[in-house]
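Please read the numbered points alongside the sequence and the model.

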Amino acid sequence: MYVKFNRLDDAQQVFDEMFERNTITWTSLINGYSLVNDVESVVRMTHCMHESEEELNEHTLSVILRAVENPNEIIWGEQIHGFAIKSGFFENVFVGTSLVSMYSRSGHLDDAERLFHELTDIDVRCLNLMISEYGNAGCGEKALWVFLELLHSGLEPSEYTFSSVISAGNGAVGLEEGRQLHGLAIKHGLVVKTSVGNAIITMYGRHGLVKDSESMFREMREWNLVSWTALLSVYVKNGHGHRAFVGFSEMVKRGIKLDSDCLSCVLYGCSECKNLDLGLQIHGLAIKLHMVSCVNVGTALIDLYAKCEKLQSANSFLNSLPVTNTASFNAILTGFTMIEGKGDEDALHLFNRLRLDRLRPDSVTFSHLLSLSADQACLLRGASLHAYAIKAGFEGDLTVSNAVITMYAKCGSIRDAERMFFDMKEHDSVSWNAMISARSIHGQGTEAVSLFEEMASEGFLPDKITILSVLQACSYSGLWNYGFSLFREMELKYGIRPILEHFSCMVDLLGKAGRLSEAMDLMNKSPFSDSPLLWRTLVHACKVRGDLNFGKMASKRLLDLEPKEAGSYMLVSNAYAGEGLFDEASKVRTIMNDLNMYKEAGCSWIEIDNKTHKFVASNKNHPENRDIYAKLDQLRLEMENVDGDRTNLIWEPA
């Protein structure tokens, strides 16, 4: 009775005052210490029990083993393992299952697996445990094999069996396997169990099947907090944040008691929808429910403020958290990568704080920092982060390796990007996309196309990003025929419907090839005929080709679509000026002035000797300003002396 109320001092006092004890007495007290994770007391009482020559039975051993959870406590578990073998308890399914659980819990899955295969007597509980442990470790395929072993052995699966195997990770439970498991759960009459329904909801959501998740939710006889949270998570992860808000409101109306997982899920929905107003209300609710200090809620709040461009609030909240983890730092790093002009020194300062707090950076941390280095074109910093990632043990991590490829490419070091790609032991679609894009932006169109074909031969299906990168490569390098052929077959061959960016690439490609009428015809037939991006692309192509008639028509259409966009007016004005139509250019500038529109000055930078030099249009504040302009004047004179045929090169399709 005292053990059940966690009053172990009283339980110990009653135990000490007893004149006669038996195995049940000792096991009951040891169980109390085990429940509160007091391993030292468990070990002490076990030693005393053994010294008093009291018999340790299978229940006693299982209670002792349950207390061992950390790797540094494994020695106690190994001693009990040895005692079980010596005492003949190893063949007992109850003890064997407890040993498997102990090794797995304490981080020794290989030992747990080896022991599991050595057991001669196993039951559903033991098989369920192994399925669960494999699933938690990301070994989904092994979890499926144990499930099949359970079915073939003639044992009857339980609701825990199905909830564990359906939730098994690492992509082993694909959509087809998930549907089969759903059917088997119906066949065994277990789909009505809430835990199984919750797992099925999550499984369908993982594959983007929101309607199937909703259908499973509606068919359940009863829901618990996990059921609601699972459905909200499906909405958030599949871009239906507003549905999550409706579901959350329904939960509140029903008076369902909320927990930190539910609140953090809704907060991530606010982040995805950039709904700061609702997020502030949830923040207030978290304070009211005394959950604001929970790590997962705190991380979600930081993510909300960061993605809503409230970096100061995010940073202040991070400082106020009593406990932080790597995910908390990653959440605010996301904000630095999303907001242009932010993140350079601040992000590195944050990274140093993470290290000083003795938190270990993970793959997300490195990918964010490498992305910032890429955006800032800081090669030295990016290379240093690459080296540190290797030192931290992330050399083989796909996420980090992909970010390294992009960083080197954007920093101008295509050779380092190639070396990184070809040194990787394995690739995913993101790896191929990163390398194809790298070759594209470096003008290596033929090489990009060759890599794209190699990607297909390796069995990787292209996605929208892949096709876009290849089309850009064709446009940059004049591979008109290949680009147009790929565009025509992308939906038929790869099942990829062209989006706005694909049409923009094609307009640019056709325009540079001098086929402006075809470009305009493509635009008018596309679902995006009124997109300013397409018309802006056409105006630029007309400027490159020097086609005055098409240029005027495209310019008029662009200004009709974007009457308040300064960039469009500047593009049209420059196009007119490039053709010598200075009066027309002046009229466009006058309209801009009348509308009080100003385009933000262009900015570029270069890193030399670990120092970034920034240049803004019409700004002469650089300390070496005179030398720079003197060199520009010298280059201009040399260009004017070059043969006219070479100074007016017109792009022609290869």
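1. E53 counts as exposed, at 73% relative accessibility; exposed means over 50% relative accessible area, buried means under 20%, and partly exposed lies in between (1.4 Å probe, protein chains only). E53 is placed in the loop between helix 3 and helix 4 (58-66). Its phi is near 65°, a positive value in a residue other than glycine. Helices (H or I, at least four residues) and strands (E, at least two) are DSSP runs, numbered from the N terminus.

2. N37 also has a positive phi, of about 60°, although N37 is not a glycine. This residue lies in the loop between helix 2 (23-35) and helix 3 (39-51). With a relative accessible area of 47%, N37 is partly exposed.

3. On provenance, this is a predicted model, in which local features need pLDDT of at least 70 and side-chain atom pairs count only at pLDDT 80 or more, while totals for chains, interfaces and linings use all residues. Residues are numbered from 1 along each chain as its sequence is written, and side-chain values use heavy atoms, with hydrogens and water left out.

4. The chain contains 37 helices and two strands. Of its 654 residues, 45% are buried. The chain exposes about 34900 Å², of which carbon and sulfur atoms supply 51%; accessible areas come from the Shrake-Rupley method with a 1.4 Å probe, and for residues only the protein chains shown count as cover. Among contacts (heavy atoms within 4.5 Å) with a separation of 6 or more, 59% join residues 24 or more positions apart.

5. Residues 397-427 are 74% helix and 0% strand, with end C-alpha atoms 10 Å apart. Residues 428-462 are likewise 74% helix and 0% strand, and there the end C-alpha atoms are 11 Å apart.

6. The largest nonpolar core has 172 residues, and I166 and L538 have the most contacts inside it. Helix 14 (residues 225-237) gives the most to this core, with eight residues. Such a core is a set of buried Ala, Val, Leu, Ile, Met, Phe, Trp, Tyr and Cys residues joined through side-chain atoms within 4.5 Å. Leaving aside neighbours within four places in sequence, L538 is in contact with V507, L516, A519, M520, M523 and A554.

7. In helix 19 (residues 311-320), the buried residues are L311, A314, F317 and L318. Seen down the helix axis, these buried residues fall within an arc of 125°, so they line one face of helix 19. The arc is that of the directions from the helix axis to the C-beta atoms.

8. How many disulfides does the structure hold? There are zero, a disulfide being a pair of cysteine sulfur atoms within 2.5 Å. For C265, the nearest cysteine sulfur is that of C262, 6.7 Å away; C265 is buried, with a relative accessible area of 9%. For C411, the nearest is that of C378, 6.8 Å away; C411 is buried, with a relative accessible area of 15%.

9. T612 is placed in strand 2 (residues 611-616) and counts as partly exposed, at 37% relative accessibility. Not counting residues up to four places away in sequence, T612 touches C378, W605, I606 and E607. T612 and C378 are 234 residues apart along the chain, yet their C-alpha atoms are separated by 7.8 Å.
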